[in-house]
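Good morning, and thank you for coming. I would ask you to look at the sequence and the structure together as I speak.

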Amino acid sequence: MGKVLAICISEKKGTLKNEINEAKFIEDFGIENDAHAGKWHRQVSLLEFNKIDEFRKKGANVDFGAFGENLVIEGIELNTLSIGQKIKIGDVLLEVTQIGKKCHDKCQIYYQVGECIMPKNGIFTKVLNGGIVKVGDECSLDLDI
């Protein structure tokens with residue numbers, strides 16, 4: 001069982017995201033008012049809290065959303081999941097569509113943070129079932145793949 005520690009959105013792609021307390025997830029679209037929402041395979045990005053914490057322990061002062069992630073999750077090893085795996089958060093159901101990504105060439109995140117951990121540790125999902133997600137909500141792997 002995991003837990004949502006942060007929900008983050010931004011108006012533009014390639015920028016730091018800002019924390020919000022709750023978000024509306026729209027089926028086959030993404031998070032309402034987030035730049036990455038749309039009819040494509042990377043609607044919602046997730047990053048495991050431990051990966052951010054490891055980065056902080058190296059001396060980096062980074063807030064949630066610094067790597068462009070939409071959700072910060074504790075308790076699930078996200079980078080070990082496979083394509084097609086489903087993650088359930090209340091009524092919301094996400095399907096893993098991509099593990100890691102090629103980072104933008106020296107995007108705003110790189111200049112502010114010095115490196116990006118999304119290429120190796122971030123995962124991307126599409127929204128199969130929409131709903132409201134709040135910080136503190138429990139999440140789990142849906143074993144009915």
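I shall go from the overall fold to the strands, then to the cores, and finally to the aromatic rings.

Please keep in mind throughout that this is a predicted model. The chain contains three helices and 11 strands. Read from the N terminus, the order of these elements is β-β-β-β-β-α-β-β-β-α-α-β-β-β. Of its 145 residues, 51% count as buried. If we take the contacts in the chain with a separation of 6 or more, 70% of them are accounted for by residues 24 or more positions apart.

Let us begin with strand S5, residues 44–48. Is this strand largely enclosed by the rest of the structure, or left open? Five of its five residues are buried, so S5 is largely enclosed. Val44, Leu46 and Glu48 point one way from the strand, while Ser45 and Leu47 point the other way, and all are buried.

Which strands pair with S5? One is strand S9, residues 123–129, which pairs with S5 in the antiparallel sense over three bridges. Within that pairing, valine 44 has threonine 125 of S9 as its bridge partner. Another is strand S6, residues 71–74, and here the pairing with S5 is parallel, over three bridges. In this case glutamate 48 has isoleucine 73 of S6 as its bridge partner.

I turn now to another group of strands. Three strands form an open sheet in the order S4-S3-S10, with antiparallel pairing. Strand S4, at 30–31, and strand S10, at 131–134, stand at the edges with a single partner strand each, so one side of each has no neighbour in the sheet. Strand S3, residues 22–26, pairs with S4 in the antiparallel sense over two bridges. There, isoleucine 26 has glycine 30 in S4 as its bridge partner.

The largest nonpolar core has 22 residues. Which of them have the most contacts inside it? They are Phe25, Leu46, Leu71, Ile87 and Leu94. The elements giving two or more residues to this core are strand S1 (2–9), S3, S5, S6, strand S7 (86–89), strand S8 (92–99) and S9. Apart from this core lies another, of 14 residues, among them Ala6, Phe55, Phe67 and Ile117.

Isoleucine 87 deserves a moment on its own. Leaving aside neighbours within four places in sequence, isoleucine 87 is in contact with residues including Leu46, Leu78, Val92, Ile123 and Leu141. Glutamine 85 lies in the loop between S6 and S7. With a relative accessible area of 9%, glutamine 85 is under the 20% limit and so counts as buried.

Finally, the aromatic rings. A pair of such rings is described by the distance of the centres and the angle of the planes. How many aromatic pairs does a search of the whole structure find? It finds two.

Phenylalanine 49 is in helix H1 and phenylalanine 64 in the loop between H1 and S6, 15 residues apart. Both are buried: phenylalanine 49 has a relative accessibility of 17%, and phenylalanine 64 has a relative accessible area of 15%.

The other pair is phenylalanine 55 with phenylalanine 67, also edge-to-face, at 5.1 Å centre to centre and 85° between the planes. Phenylalanine 55 lies in helix H1 and phenylalanine 67 in the loop between H1 and S6, so the pair ties together parts 12 residues apart in sequence. Phenylalanine 55 is buried at 5% relative accessibility, and phenylalanine 67 is buried at 3%. As we saw, Phe55 and Phe67 are among the residues of the core of 14.

Definitions and conventions:
Residues are numbered from 1 along each chain as its sequence is written. This is a predicted model: local features need pLDDT of at least 70, side-chain atom pairs count only at pLDDT 80 or more; totals for chains, interfaces and linings use all residues. Side-chain values use heavy atoms; hydrogens and water are left out. Two strands pair if DSSP finds at least two bridges between them. Helices (H or I, at least four residues) and strands (E, at least two) are DSSP runs, numbered from the N terminus. Buried means under 20% relative accessible area, exposed over 50%, partly exposed in between (1.4 Å probe, protein chains only). A nonpolar core is a set of buried Ala, Val, Leu, Ile, Met, Phe, Trp, Tyr and Cys residues joined through side-chain atoms within 4.5 Å. Contact means heavy atoms within 4.5 Å. Rings of Phe, Tyr and Trp (its six-membered ring) pair if their centres lie within 6.5 Å; planes under 30 degrees apart count as stacked, over 60 as edge-to-face and the rest as tilted.
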